[in-house]
Amino acid sequence: MADLRVVTLAAGDLEARFAAGANMVGCSLRHRGEELLGLRDGAEAYLARGKTFGIPLLHPWANRLGAWRYDVAGRAVDLEGAPLVRGEEHGLPIHGALPAGADWRVVETTREALWAELDWAADAARMAVFPFAHRLELRAVVDSGALTIETTIVATGSDPVPMAFGFHPYLSPPGAPREHWEVELPAMAHLALDDRGLPTGGREPWPAQRFALGERTFDDAFAVEAGEAARFAVSDGTRRIEVAFEHGFPYAQVFAPPGQALICFEPMAAPTDALRTHAGLRFAAPGERAAAAFAIRVGPV
């Protein structure tokens, strides 16, 4: 069994755990002792097969790419045969580099906070997948009923670093069956996707909504309105769990698959397939620090 090097943070009614030995995945979030995350097949399956759970960091791209090759910032990257990349049901590369072997260093911990770093350029296999020298910094803080996660890309080489990462927080509120969960979505722009889940370029307004999830399913892409700190939420009759995009995440995927007691409000630094299309893609300039943060807040209904 892998050494997960789990770090536990706690404040008030919240306890969060991160596994430094599994790509800093958030492997538990408990409120008054009850688990709020969808743990699916857990850390071992995540390390062995890249099957996501909890709160995984998806880097260097979130969601999927439209092909096994991309060209960006003067670099042509061929992912065919790369051991750190897996395909999804359509045969497309998904969720960035696989977690196994990511050499995260825990820099500092307190009872309520965690600071960890990953030197991407020190790993030849990761540079083969994404040849842009940078350091990833992850800071997590538990305080006042909230878990805040800030990720910073520090461009350590002579090239700008594309920012297409994201997170996939699996929420599974335990207080009621899935069909009774109440979902809140903010006003956004809905991005049209093709049958492989790739953006087509179409978009239309999506008004703020609040509804019982019932039998509804989602695997939908959105652009967050400019200047807004987007807030998504799910309530189970006992507690309300809010995912707030604080800064640096102008895109989102809402995922609620059929037959699973899960819902995800996924913060994304760029839209799906941005490393290929360059649409909405931002860069950290050489020597620059570029950060993005989101929070999971838990409170009464």
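Which residue in strand 2 is the bridge partner of Ala 11? Keep that in mind as you look at the structure, which is a predicted model.

1. **The opening pair.** The partner of Ala 11 is Leu 14, which sits in strand 2. That bridge belongs to the pairing of strand 1, residues 6-11, with strand 2, residues 14-19. The two strands run antiparallel, and 6 bridges join them.

2. **The turn between them.** Now follow the chain from strand 1 into strand 2. The hairpin has 2 residues between its strands, and Gly 12 takes a positive phi near 60 degrees there.

3. Step back and you can trace an open sheet of 4 strands, in the order 1-2-3-4, with antiparallel pairing. Its edges are strand 1 and strand 4, the latter covering residues 34-35, and each of these pairs on one side only.

4. **The other end of the sheet.**

5. Helix 1 spans residues 42-49, and its buried residues are Gly 42, Ala 43, Ala 45, Tyr 46 and Leu 47. What lies over these buried residues? The cover includes strand 3 from the sheet and strand 5, residues 57-58.

6. **Just past the helix.** Finally, have a look at Gly 50, which comes just after helix 1 and takes a positive phi of about 75 degrees.

Technical notes. Residues numbered from 1 in each chain as written. Predicted model: local features only at pLDDT ≥ 70, side-chain atom pairs only at ≥ 80, totals over all residues. Heavy atoms only, no water. Pairing = 2+ DSSP bridges. Buried < 20%, exposed > 50% of the residue type's maximum accessible area, 1.4 Å probe, protein only. Contact = heavy atoms within 4.5 Å.
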